Amino acid sequence: MQQKRVLAIHDISCFGRCSLTVALPIISATGLECTVIPTAVLSTHTGGFTGYTYRDLTEDIRPIVDHWKTLDLKFDAIYTGFLGSFEQIDIVSGIFDDLKGENTLIVVDPVMADNGELYKIFPDNFPQGMKKLCSKADVILPNITEACLMTGIEYIPGPYSKEWIHDLLMELGKLGAKKVVLTGVYFNEKDLGAAAYDVETDEIEYSFHEIIPGYYHGTGDVFGSVVVAALVNGLSIGRATYHAVNFTAESIMRTKEAGTDIRFGVNFEIGIPKLLKQMGL
Ligand code: PXL
């Protein structure tokens, strides 16, 4: 059997589990080959740390892809997350054109905002760039803030009504992707989860887990990596979302119980064997 191959395009934050230090282990553990293009190297992620180093690798991205084009590599999925500039968005958009084969799944997580606010490092018009990139994706993974910024719907804090989430999903469906996984959905103060919306069949499936108070960094990347791993392993968007919600919540719970600094990322590693079992791998 031919092993499936994923290309993960994210930064490397050397400390504070997120982006590539999360995507690589999770995707690889599910039996997929995980190829990478690092977009930048930071000493830590930008959430809650000050004084971090930031080595931009924009100039290296094109030459990496140009070399690969001489090798005739095929990818079953391309998964992008944190991108540091409009230039990187444009380059990644070009990579989709160059490396996408007939069966390549393009997954874009438009990492740029949370809790109603654009991350401070991004200019106000950054959501327009991410929106354009999302239009080329098969699957997009926005949180509620990112969804609002890309659709023009005004952000409101939760709990949400089913109608408001439904309207937001319908607007997201117009961005061009065939499937949307919206994170940070909650209809009451007890359960938090995600909505998986299949634009083509108009089906919405919700997955929830009991809320664990606290804002833990890198959880969006844990979530996204499980969705990508599950989809490439043949699971439906609804099942992929279900596993991602539970795996992420359990990772947060473990981290909270250990009393770990919320900036350090979550302990997802210990949960991998159970995830594989639950996914039938
Ligand atoms: O987890 C998202 C992420 C990835 N990479 C970097 C970040 C963040 C979120 O803040 O700063 C560098």
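A residue is taken as exposed when its relative accessible area is over 50%, and as buried when that area is under 20%. In this predicted model, Asn-115 has a relative accessible area of 53% and is therefore exposed. Asn-115 belongs to the loop that runs between β6 (113-114) and β7 (117-118), and its phi is near 50°, a positive value in a residue other than glycine. A positive phi, of about 65°, is also found at Asp-202, which is not a glycine either; Asp-202 is placed in the loop between β10 and β11 (203-210). A further backbone feature is the cis peptide bond between Gly-158 and Pro-159, with omega at about 0°, and Pro-159 is part of the loop that separates α5 (144-151) from α6 (162-173).

On the side of the ligand's nitrogen atoms, one lies 2.7 Å from a polar side-chain atom of Asp-11. Of the 320 Å² that the ligand exposes when taken alone, 93% is buried by the protein.

In soluble globular proteins, nonpolar side chains tend to be buried together. The largest nonpolar core of the model contains 47 residues, and those with the most contacts inside it are Leu-7, Ile-95, Ile-140, Ile-144, Leu-172 and Leu-182. Helix α3 (residues 86-99) supplies the largest share of this core, namely 6 residues. When residues up to four places away in sequence are not counted, Ile-95 touches Leu-7, Ile-9, Ile-37, Ile-61, Arg-62, Val-65 and Lys-100. Another core, of 42 residues, lies apart from the largest one and has Val-6, Cys-34, Phe-247 and Ala-249 among its members.

Two threonines in helices were also examined. Thr-58 is part of helix α2 (residues 58-69), and it counts as buried because its relative accessibility is 6%. The side chain of Thr-58 is joined to that of Asp-56 by a polar contact of 2.6 Å, while beyond four places in sequence Thr-58 touches Thr-39, Glu-87, Gln-88 and Ile-91. Thr-255, located in helix α8 (residues 237-258), has a relative accessibility of 2% and so counts as buried. With residues up to four places away in sequence left out, the residues touched by Thr-255 are Tyr-216, Thr-260, Gly-265, Val-266 and Asn-267. Between Thr-255 and Phe-268, which are 13 residues apart in sequence, the C-alpha to C-alpha distance is 8.6 Å.

Asp-191 is found in strand β10 (residues 191-198). Since buried means under 20% relative accessible area, the value of 19% places Asp-191 in the buried class. Its side chain makes a polar contact of 3.2 Å with the side chain of Lys-190, and, neighbours within four places in sequence aside, Asp-191 is in contact with Val-185, Tyr-186, Phe-208, His-209, Glu-210 and Ile-211.

How values were computed: Residues numbered from 1 in each chain as written. Predicted model: local features only at pLDDT ≥ 70, side-chain atom pairs only at ≥ 80, totals over all residues. Heavy atoms only, no water. Polar contact = N/O pair within 3.5 Å; in protein donor to acceptor, adjacent residues only side chain to side chain. Areas by Shrake-Rupley, 256 points an atom, 1.4 Å probe, with all protein chains shown as cover. Core = buried A, V, L, I, M, F, W, Y, C linked by side-chain atoms within 4.5 Å. Buried < 20%, exposed > 50% of the residue type's maximum accessible area, 1.4 Å probe, protein only. Helix = DSSP H or I, 4+ residues; strand = E, 2+ residues; numbered from the N terminus. Contact = heavy atoms within 4.5 Å.
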